[in-house]
Amino acid sequence: MNAPLRCLQALPAMFVAGLAIAAGEESIQLKDAPGRDLVVARCSVCHSVDYVQMNAPVLDRAGWQKSVRKMIDQFGAPIGEEDAQRILEYLATHY
Amino acid sequence: MVTRRRVVAGSIGGLLLSGLAPNAFGAAEAASEPLLALPGKRPLIKRTFRPPNYETPLADLRPQITANDSFFVRYHLASIPEIDPGTWRLRIGGASAKRTLELSLDDLKSGFERVRLAAINQCSGNRRGLFTPRAGGVQWTYGAMGNALWGGVRLRDVLNRAGVNADALEVVLDGADGAALPGTPDFVKSLPVDRALDEHTLIAFEMNGEPLPRWNGAPARLVVPGWTATYWVKHLASIKVEPKAFDGFWMKSAYRIPTGAFPGARFASQENAQTTPITEILINSLVTSHVSGERLERRQRAELAGWAWDGGSGISAVEISLDEGRSWRPATLGEAPSSYSWRGFRMALDTSKPGPLQIAVRATGGNGARQPEKLTPNPSGYHHNIIQTLTLEVA
């Protein structure tokens, strides 16, 4: 089992069951690199990952760091330190 | 009514889509902007799928009233209910209300005086994608706004039915939309009690004579004419009159601007030394007849046209400069159905000589405020209302 699936399983079942993606959302392709599956699994719980593409020209590493922290600290994303670091690394390196 | 004529063949929406429209304002428009349709909507500029954020293409902002099916869509939270209007109930209460009420849609429609008002609904972050330096958030260009005829009842009449105590400070509004995670702050907003009791603040259940579209707040939403759309809470579920400042995330941490940086109404109970809530829409204008970079045929009649609006003082003048702002000439103004609506402007362009036309447009409000030349930087990219400039090529 890969890491993203473990992460999803760690979430209470109701959140995963409630995850309804929007029509067309499956067409979003984030860059294929280590960390992508984790980003898709964790960020997609609350929002489509075109948010990543949209903010790519705007956010630098510090901006992505702030954004990831906002999702965890203000919006209640249940993401641990280790995963937060991997998510940041992917976003800051590829977007 | 302003009469406007399509001078250049071809769809502005198409130009945006193909990324061919050069524009002095920034990079956002050069990016690929897919036009996609939500159920019940025409194809709009998709910013994000979930929560759905869809922007109205410039071509659909040409009519004085923006059509329901092309009106922009903006959500913070992804769980958007489909509410049965027959079983929907609106709860009124709070610590500063004399009694609680539970109203059905029929109660609202039959129990209070009906009001209709044309008003601009503009996202606080409209044009954020044109900011320099760039600001994080939904990268809107011009179309996170529209002008509609809202039909409903006065919030004041409903609050007075419940009874408002003398100690009332804010009115707190909650909609039925929600988040995927329980830890995400629910989208709840508050208004100063005097703005809530203003005769123009409505609980609307109609938009342009039709029931509110699902994506625009069915079955009922708040309408706060002159204030940015963050206060126009959709899918209204509860309204509370409270004696203290509401301290939710969407008031205390979001939708805030640097204190003293912008004109507009003060929201005293939510203000601190550093930041204050965004409130009124600032004076602004938009050319809808052309986009920068378009070609005009020499000696063919051409007319520049668009809209000007503000937070409700009304538009007193729109001026156009063809010499980089050294001199300004008044454009012809059209009628506005209300001071909260936009007002049309138009001016014939001289196409007798080949070469570039450098055009700048600035509006002045009834309160004397005029569009600025420079952006006031602020972290969230709000209040983009600088003088629009565009270059057309006569050939």
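This is a predicted model: local features need pLDDT of at least 70, side-chain atom pairs count only at pLDDT 80 or more; totals for chains, interfaces and linings use all residues.
Modeller: Residues are numbered from 1 along each chain as its sequence is written, while chains are lettered from A and ligands numbered from 1 in the order in which they are written.

Biologist: At what angle do helices α5 and α6 of chain A pack?

Modeller: Helices (H or I, at least four residues) and strands (E, at least two) are DSSP runs, numbered from the N terminus. Axes are lines fitted to C-alpha atoms, for helices over the stretch in contact, and angles run from 0 to 180 degrees between N-to-C directions. The axes of α5 (residues 61-74) and α6 (residues 81-94) of chain A lie 9 Å apart, and the angle is about 145 degrees.

Biologist: Which are the edge strands of the open sheet in chain B?

Modeller: Two strands pair if DSSP finds at least two bridges between them. The antiparallel sheet has 4 strands in the order β1-β2-β3-β4. Those pairing on one side only are β1 (35-36) and β4 (73-74) of chain B.

Biologist: Is B:R127 buried or exposed?

Modeller: B:R127 is in the loop between β7 and β8 of chain B, and its phi is near 70 degrees. A residue is buried if 20 or more other C-beta atoms, placed from the backbone, lie within 10 Å of its own, exposed if 12 or fewer, and partly exposed in between. Because B:R127 has 28 C-beta neighbours inside 10 Å, it counts as buried.
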